[in-house]
Amino acid sequence: MIHRFLVLILYVWICTNTFAQEEVRGVVNNFYEVLDIRQDDCRVKVTLDRQVSETVGQKMVLIQMKGAVIDTSNTASFGHIVDLGNAGNFEIVMIDSVASHCYWISGLLRSYDVTGKVQSVSMPSYQSVVLLDTIIQNPWDGTVGGVFALEVAETLFIETPIDVSGMGFRGGSISNNPNGGCGLGSPDYYYPLDLPGNAWPA
C-alpha cells in the first residue's frame, strides 16, 4: 500500500482593517526532528535534533508522521492497519522558553511517540502577507519535511503557486518478480524486497 501525505496548515482571519503587507519569499518553515517529549515540572520539554532558531512567543507545529501498526501476517489482511497509535496527531504550540536544542511549552492536548517520527515545524505569524516567488518547502525525507504552515491575522495574498507536488510521503519501493512471471507460482501475499535467486519462492 502506498501512502502520500502532505500537511498544509494556513490560519487566516479576515478583518476589515488594512495593514501594510509583508513580502515573503523562499522557505517559510524550519524543520526539527523531535528526540524527546516529557513533562518537566509544570511544563512540557521538547528536545530537538539541533539548535532552536525560534524564540519565546513563536508558534510551532508538533506532528507525528508515522507510528501505525499494520497486519504483517502472510494473509489477505497483510497491510491492514491494526492500531493507528499516535500517527497523525498534531497541534500548534507556543514556546514558553528556549535553551539550545530544547524548548518548553505549557502543555499538550495530544499524545506523541517519538519512535513514530515526530517533527516540530516553525509556524511564522504575519499580520498581512504577500507570498512571492516559488515557496520552496522541504520534501518529506523520512524524518522531517512535507509540511507547510503559516499564520495570518488579516490578509493573505498568494502571488505565486504553492507547489508541493511530490513533497509528501514517499512512494513504496518497487520489486518486480525476478523471473518475469508476474507472480505465477508465487502465491504468498508478500515477499522480502530483496531475494536471492531468479524467482520468488512458491
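Predicted model: local features only at pLDDT ≥ 70, side-chain atom pairs only at ≥ 80, totals over all residues.
You'll find Ser100 in the loop between strand S9 (97-99) and strand S10 (102-105). Its backbone deserves a look too: phi of Ser100 is near 55 degrees, which is a positive value in a residue that isn't glycine.

Now please turn to Asp41. Here we have another residue that is not a glycine, with a positive phi of about 60 degrees. Asp41 sits in the loop that links strand S3 (31-40) to strand S4 (43-48). Asp41 is exposed, at a relative accessible area of 71%.

On to the cysteines. How many disulfides does the structure hold? The count is zero. Cys42 has a relative accessible area of 69%, so it is exposed, since exposed means over 50%. Cys102, on the other hand, counts as buried at 12% relative accessibility.

Last stop, the surface. Which residues form a nonpolar patch there? They are Ile70, Phe78, Ile81, Leu84, Tyr189 and Tyr190, and together they have about 570 Å² of accessible area. If you'd like to find Tyr189 on your screen, look in the segment after strand S15 (156-158).

Technical notes:
Residues numbered from 1 in each chain as written. Heavy atoms only, no water. Disulfide = S-S within 2.5 Å. Buried < 20%, exposed > 50% of the residue type's maximum accessible area, 1.4 Å probe, protein only. Helix = DSSP H or I, 4+ residues; strand = E, 2+ residues; numbered from the N terminus. Patch = residues over 30% accessible without salt bridge, like charges linked within 9 Å, V, L, I, M, F, W, Y side chains within 5 Å. Areas by Shrake-Rupley, 256 points an atom, 1.4 Å probe, with all protein chains shown as cover. Salt bridge = Lys/Arg side-chain N within 4 Å of Asp/Glu carboxyl O.
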